[in-house]
Amino acid sequence: MARSHGGGAFPDPVSELDQPLARLLGRSTADQLARQLSVGTIGQLLDHFPRRYMPRGELTPFSELRIDQQVTIVAEVVSTSTRQMRSRRGSLTDVVITDRVSSDPQRLFEDGDHAPGRTMRLSFFNAWTAAKDLPPGTHALFSGKVGLYNGAVTMTNPHYAILDPDAPEAGESAQERAGRPIPIYPATAKLTTDKIARAVHSLLPVVDFAAVPDPLPEVVREREGLMGLEEAYWQVHRPRDTRAHGEARRRFRYQEAFLLQCALARRRVELAAHPTTARPGVPDGLLARFDAALPFELTAGQRAVGQELAAELAGTRPMNRLLQGDVGAGKTLVALRAMLQVVDSGAQAALLAPTEVLAGQHHGSVLRSLGPLAHGGQLGGDPDGTQVVLLTGSMGAAARKRALLQIASGEAGIVIGTHALLSEVVQFADLGLVVVDEQHRFGVEQRDRLRDKAGRPPHLLVMTATPIPRTVAMTVFGDLDVSVLDQLPAGRQPIATHTVGLVEHPGWEQRLWRRAREEIDAGRQVYVVAPKIGDDDEPPPSGSLAESARAADEEDEAPMASVTWLAELVARQPVLEGVRAEVLHGRLDAVRKTRLMEEFAAGDVQLLVCTTVVEVGVDVPNATLMVIVDADRFGISQLHQLRGRIGRGGHAGTCLLVTRRPAEHPSRERIEVVAGSTDGFALARADLELRREGDILGAAQSGGRSTLRLLRALDDAELIERARRDAVAVLGADPGLDEHPELAEAIERYLDPDAEAFLDRG
């Protein structure tokens with residue numbers, strides 16, 4: 001149905017949600033919403049859902065407030081007074097509020113109940129209307145920043161909105177309005193939750209919901225017992241009661257899961273529609289000879305995943321697979337076997353690594369693994385072998401030109417490189433397989449540029465050593481088939497992990513350095529990891545880790561440990577005299593970083609003070625001890641990744657998680673979780689549970705705001721499973737969504753640029 005909003009008719013029935021807000025709310029309100037929330041259309045404002053709801057009449061406990069926190073609270077006014085200021089012109093209005101329900105607020109003073117958590121004083125400077133608006137007994141919504149004045153919690157010039165249950169609105173009785181929960185929206189200091197609520201409440205009655213088709217198929221909606229779209233929007237923003245907003249949010253959670261899974265399923269359909277060249281390999285080729293020369297047995301998981309990859313490579317449907325496994329599970333070996341099958345088929349395979357250090361490590365590892373097979377056509381090489389070429393940005397001109405010629409001619413069957421592989425000058429003869437290591441390090445455009453270098457779509461294998469719970473993988477990588485390696489190869493030794501709390505055990509610091517010396521004297525090597533690099537102009541550090549922990553415990557939090565400081569501390573330890581220690585971090589030039597890692601791998605460097613530059617992929621089998629200083633500054637998954645760099649040879653590894661924070665500090669929980677488990681999948685789940693899921697699934701990955709709005713991949717596992725089945729059924733019967741235009745429109749609206757990047761990470 002066409003509809004006019006004073007700016008003409010909108011004949012497109014699905015365009016209602018895309019109309020600018022200025023037509024309905026006025027230019028001033030629309031501009032403020034755009035500036036503060038990046039909300040510019042009807043649909044964007046309707047989808048700006050409340051983050052929580054507060055029962056009207058239930059006050060906010062002041063004991064839950066934190067200093068410097070931006071809060072919205074509901075409180076009752078106890079008293080209001082205004083006086084002229086002495087030190088400057090103007091007036092000051094003091095409003096005392098309480099978090100205790102009382103029919104007689106004055107009794108709070110008579111009883112002497114002024115303890116923190118009972119009353120709070122708000123200060124309004126030159127706010128002439130505050131005294132009039134906020135008489136004793138008033139319930140109001142206050143929004144502002146919590147501060148501290150004379151030892152008492154306070155707020156200065158908070159925004160307020162009166163909650164008047166006796167003021168009927170839009171035909172409601174006072175009783176009906178009093179029963180409505182109060183929506184609390186994601187807000188800013190300049191655009192408070194009640195202003196957003198007023199904008200939404202003004203919008204709802206004038207939106208033509210008849211012109212907004214429901215993206216959920218009716219059969220799905222009925223089976224799931226979900227609200228219709230119009231009712232859901234009303235109840236999520238202006239719920240009649242707690243149950244109503246719960247049902248509305250359930251509907252939108254399912255809708256979000258369904259749209260996401262439809263987008264992923266559609267991507268799978270599109271990929272399958274563009275066939276590739278089959279790469280079946282040959283019976284007695286490089287892969288067979290490589291397998292015959294392996295000095296160990298593949299794990300059952302490696303064999304099973306290898307068979308999956310071999311079957312997909314032999315088909316004309318492009319492989320699009322995520323290979324995830326715990327640290328040290330042998331993913332690179334599985335990927336190498338797949339690359340050899342492609343080379344046996346007459347094509348090339350490219351491995352894209354995130355850093356030059358890791359690319360060089362992969363190159364050296366593949367050369368050692370293949371032996372003469374990696375030097376086909378060269379002196380001393382196998383005549384039936386191939387060539388393995390490394391391409392990085394720091395290569396000299398002659399070496400780079402030689403590598404480019406080998407790639408373009410097809411002489412190089414396996415190409416390993418960094419972002420340099422994405423350059424326009426790099427041309428492949430026949431690219432059959434792209435392997436992306438640690439996929440989260442690459443953007444969408446980078447990966448697509450490499451895939452575009454193939455004449456037909458190449459097979460794609462994405463590897464990650466960060467274990468991902470199944471429902472998260474299904475949500476984030478739903479357009480990829482997922483393979484899991486959950487066994488460690490034979491010979492891998494367990495890693496013992498211990499928490500070293502220097503606040504409660506300052507004497508343990510010296511034991512740290514003695515432990516490092518013991519490993520070095522046994523012929524092993526040691527990592528000492530810091531959370532930051534440090535500045536060259538920093539003054540020479542004084543004192544010890546334990547002394548800084550004690551000082552921080554008495555005064556304030558200690559500054560974060562740096563590589564430069566730890567290098568100085570290591571140099572001052574008598575027990576480490578004669579030890580060759582070096583520093584490695586991201587600011588060093590690529591040549592020096594590579595040389596240091598080569599020297600460390602060769603055993604020439606005994607102790608390496610470094611940042612997380614060693615987190616991914618660096619393989620030094622002789623390293624058996626890792627000391628992570630200020631481990632509380634790292635996340636669970638990052639600590640697990642770092643820990644995986646040791647114990648990779650035949651010797652047991654030890655990881656010491658050093659913290660200068662007291663035992664009761666919240667960050668200590670993360671450390672204890674890592675110390676208590678070596679199961680990467682269990683730790684990944686704990687990581688999601690301990691911190692905001694959006695940090696992992698949203699902004700931290702896609703570069704923008706969180707893509708998941710209401711959906712939670714862990715909590716909503718069953719719902720996601722059902723939505724996935726529904727999406728596959730719909731796309732299976734209607735791949736182009738020709739019979740579901742409203743669904744196609746909803747998917748496009750859902751896939752804003754951030755969400756596109758989010759999905760394309762696979």
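This is a predicted model: local features need pLDDT of at least 70, side-chain atom pairs count only at pLDDT 80 or more; totals for chains, interfaces and linings use all residues.
Reader: Fine. How many helices and strands does the protein chain have?

Author: The chain has 29 helices and 21 strands. These are DSSP runs, numbered from the N terminus: helices are H or I with at least four residues, strands are E with at least two.

Reader: And what fraction of the contacts between residues at least 6 apart joins residues at least 24 apart?

Author: That comes to 74%. Contact here means heavy atoms within 4.5 Å.

Reader: Let's look at single residues. Where does Ala549 sit, and is it buried or exposed?

Author: Ala549 is part of helix α19, residues 545-554. Its relative accessible area is 0%, so Ala549 is buried. Beyond its neighbours within four places in sequence, Ala549 contacts Leu502, Val503 and Arg660.

Reader: What about Gly501, which strand is that in?

Author: Gly501 belongs to strand β16, residues 495-501. It counts as buried because its relative accessible area is 2%. Leaving out residues up to four places away in sequence, Gly501 touches Trp508, Thr659 and Arg668. Gly501 and Arg668 are 167 residues apart along the chain, with 9.2 Å between their C-alpha atoms.

Reader: New topic: aromatics. How many aromatic pairs turn up in the whole structure?

Author: Five. Rings of Phe, Tyr and Trp (its six-membered ring) pair if their centres lie within 6.5 Å; planes under 30 degrees apart are stacked, over 60 edge-to-face, and the rest tilted. One of the pairs is Tyr233 with Phe252, which is tilted, at 4.9 Å centre to centre and 45° between the planes. That pair links distant parts of the chain, 19 residues apart: Tyr233 is in helix α9 (residues 229-237) and Phe252 in helix α10 (residues 242-272). Tyr233 is buried at 2% relative accessibility, and Phe252 is buried at 4%.

Reader: How is the pair of Tyr527 and Phe600 arranged?

Author: Edge-to-face, with 5.0 Å centre to centre and 65° between the planes.

Reader: Which residues get linked into a cluster by ring pairs?

Author: Phe49, Phe209, Tyr233 and Phe252.

Reader: Over to helix α28, then. Which residues are buried there?

Author: In α28 (residues 741-750), they are Leu743, Ala744, Ala746, Ile747 and Tyr750. Down the helix axis they fall within an arc of 165°, so they line one face of α28. The arc is taken from the directions from the helix axis to the C-beta atoms.

Reader: Why would residues three or four places apart point the same way?

Author: Because an α-helix has 3.6 residues a turn.

Reader: Last one: where is Ile67, and how accessible is it?

Author: Ile67 is in the loop between β1 (52-54) and β2 (70-84). With a relative accessible area of 43%, Ile67 is partly exposed.

Definitions and conventions
Residues are numbered from 1 along each chain as its sequence is written. Side-chain values use heavy atoms; hydrogens and water are left out. Buried means under 20% relative accessible area, exposed over 50%, partly exposed in between (1.4 Å probe, protein chains only).
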